[in-house]
Amino acid sequence: MAKRKTDSKCINLALQGGGAHGAYSWGVIDYLLEDERISVEAITGASAGAMNAVALADGLAKGDKEEGRERLRNFWEGVRNAARSSPLRRTPMDTVSGTWNLDNSPAYMWFDMMSRIVSPYQSNPFNLNPLRDLVADLIDFDRVRACPVKLFISATNVETGRATIFDKKSLTPEHVMASAALPLMYQAVEIDGVPYWDGGYVGNPPLWPLFEHSKSDDVVLVQINPFTRLGAPKSAKEILNRMNEINFNASLLQELRSVDFVSRLLRSGRLEGTGYRRVLMHMIEDEATLSPLGASSKMNAEHEFIEMLFEKGRASAQEWIDRHFSDIGQQSSLNIRRLFQCEEDALDGYRIERQARFQESGGANGKIPQAAEQHN
């Protein structure tokens with residue numbers, strides 16, 4: 001039952017990429033749209049997050065949340081329908097045991113082996129991509145470009161290794177496919193003569209566009225790539241999977257550390273008059289469900305798997321709203337310091353707060369007393 005539209009709050013959505021795991025984000029978004037108290041000002045995404053973003057923007061073009069939910073469902077129904085003819089399926093034994101990974105699938109093992117030997121330029125010289133056709137068929141990009149919600153999609157410039165952010169002004173299916181172009185699976189997508197790979201390498205998702213282009217202070221990150229895995233991976237496949245997870249989280253972790261550092265400077269009063277603003281970070285996640293899923297499950301688009309992730313996403317969003325709705329607009333519900341396991345850097349919070357107190361207590365002309373300088 002929809003919540004009453006009282007105490008309305010506006011958020012920004014940050015959507016990670018992760019193949020079929022993007023269905024979890026779909027569930028999160030679906031539940032958030034169901035709550036009349038919450039509105040979305042801006043969306044940032046990479047790869048599968050970019051696909052969720054454009055599907056949502058398509059539906060919100062006229063400000064209708066129910067249409068936004070419908071467009072997202074139509075997109076993921078299209079993904080599931082396309083997967084019915086895919087050879088990338090679980091074995092009967094894995095189906096019986098409830099395993100969602102495709103590690104034992106002969107088709108997946110062959111595909112995985114060939115992707116390390118043959119490039120997509122050799123294996124797919126005509127650059128066929130059913131996913132591109134699906135996006136083009138199901139998403140109305142005229143509506144996306146007209147949507148009042150701000151939209152930012154990341155891609156990796158192959159030539160420079162830097163992030164490129166596409167906004168909605170000239171967005172096309174090619175921009176979305178550039179954001180999802182995994183280099184071992186797809187040819188680089190050329191836009192205006194520049195080749196692009198998956199945006200997850202440099203912004204998964206990118207947060208910085210929200211800091212200057214959104215009025216809302218609240219960023220709700222939907223996390224589908226686990227930050228932490230205990231123990232060292234031992235097999236070649238486990239090592240490669242963990243390397244990929246680290247690579248696809250690196251840019252996000254760097255941005256989160258920067259957000260935390262600037263927030264501490266703001267609290268200490270050291271950035272007054274500089275134009276820096278507060279950012280309230282929130283995160284919706286379910287590592288209990290997503291951590292056991294291997295990299296191969298990101299290519300599993302079976303109906304049951306997509307539906308399971310969708311329901312888990314809805315459940316996570318409901319739990320987060322029940323616990324943290326009052327935090328929106330007031331304070332971060334994500335403890336970034338705890339996320340980094342209390343790691344200290346060269347300018348940790350203790351030093352910042354100590355300097356601020358000495359400055360406020362009136363060292364000569366606001367200078368830090370010599371004893372304080374020696375202590376630090």
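Tutor: Strand E1 (residues 9-15) and strand E7 (residues 218-222) run parallel and are joined by 4 bridges, where strands (E, at least two residues) and helices (H or I, at least four residues) are DSSP runs numbered from the N terminus, and two strands pair if DSSP finds at least two bridges between them. This is a predicted model, in which local features need pLDDT of at least 70 and side-chain atom pairs count only at pLDDT 80 or more, while totals for chains, interfaces and linings use all residues. Residues are numbered from 1 along each chain as its sequence is written, and side-chain values use heavy atoms, with hydrogens and water left out.

Within this pairing, Leu13 has Val220 of E7 as its bridge partner. E7 also pairs in the parallel sense with strand E8 (residues 280-284), this time over 5 bridges, and there Val219 stands opposite Met281.

How many of the residues of E7 are buried? The count is 5 of its 5 residues, so the strand is mostly covered, where buried means under 20% relative accessible area, exposed over 50% and partly exposed in between, with a 1.4 Å probe and protein chains only. In a regular strand the side chains alternate between the two faces of the sheet. In E7, Asp218, Val220 and Val222 lie on one side and Val219 and Leu221 on the other, and the residues of both sides are buried.

Another group of strands runs antiparallel. Strand E3 (residues 150-157) is joined to strand E6 (residues 194-198) by 3 bridges in the antiparallel sense, and Thr156 stands opposite Trp197 in E6. E6 also pairs antiparallel with strand E5 (residues 189-191) over 3 bridges, with Val194 as the bridge partner of Ile191. The hairpin of E5 and E6 has 2 residues between the strands, and Asp192 takes a positive phi near 55° there. Asp192 counts as exposed, at 80% relative accessibility. Ser47 likewise has a positive phi near 55°, in a residue other than glycine; Ser47 is found in the loop between strand E2 (38-45) and helix H2 (48-59), and counts as buried at 11% relative accessibility.

The aromatic rings give another way to follow contacts through the fold. A search of the whole structure finds 6 aromatic pairs, and rings of Phe, Tyr and Trp (its six-membered ring) pair if their centres lie within 6.5 Å, with planes under 30 degrees apart counted as stacked, over 60 as edge-to-face and the rest as tilted. One of these pairs is Trp26 with Phe310, whose ring centres are 4.0 Å apart with planes at 35°, so the pair is tilted. Because Trp26 lies in helix H1 (residues 22-34) and Phe310 in helix H13 (residues 303-324), this pair ties together parts that are 284 residues apart in sequence. Trp26 is buried, with a relative accessible area of 0%, and Phe310 counts as buried at 3%.

Another tilted pair is formed by Tyr201 and Phe248, at 4.6 Å centre to centre and 40° between the planes. Tyr201 lies in the loop between E6 and helix H10 (208-213), and Phe248 in helix H11 (residues 236-267), so the pair ties together parts that are 47 residues apart in sequence. Tyr201 is partly exposed, at 30% relative accessibility, whereas Phe248 is buried, at 12%. The loop between E6 and H10 also holds Pro205, and the peptide bond from Asn204 to Pro205 is cis, with omega near -5°.

Returning to Phe310, ring pairs link Trp26, Phe75, Trp76 and Phe310 into a cluster, and Arg73 lies over the face of Phe310, at 5.0 Å from the ring centre. A charge sits over a ring if NZ of Lys or CZ of Arg is within 6 Å of the ring centre and within 35 degrees of the ring normal. Elsewhere, the charged end of Arg37 sits over the ring of Phe325, 3.8 Å from its centre.
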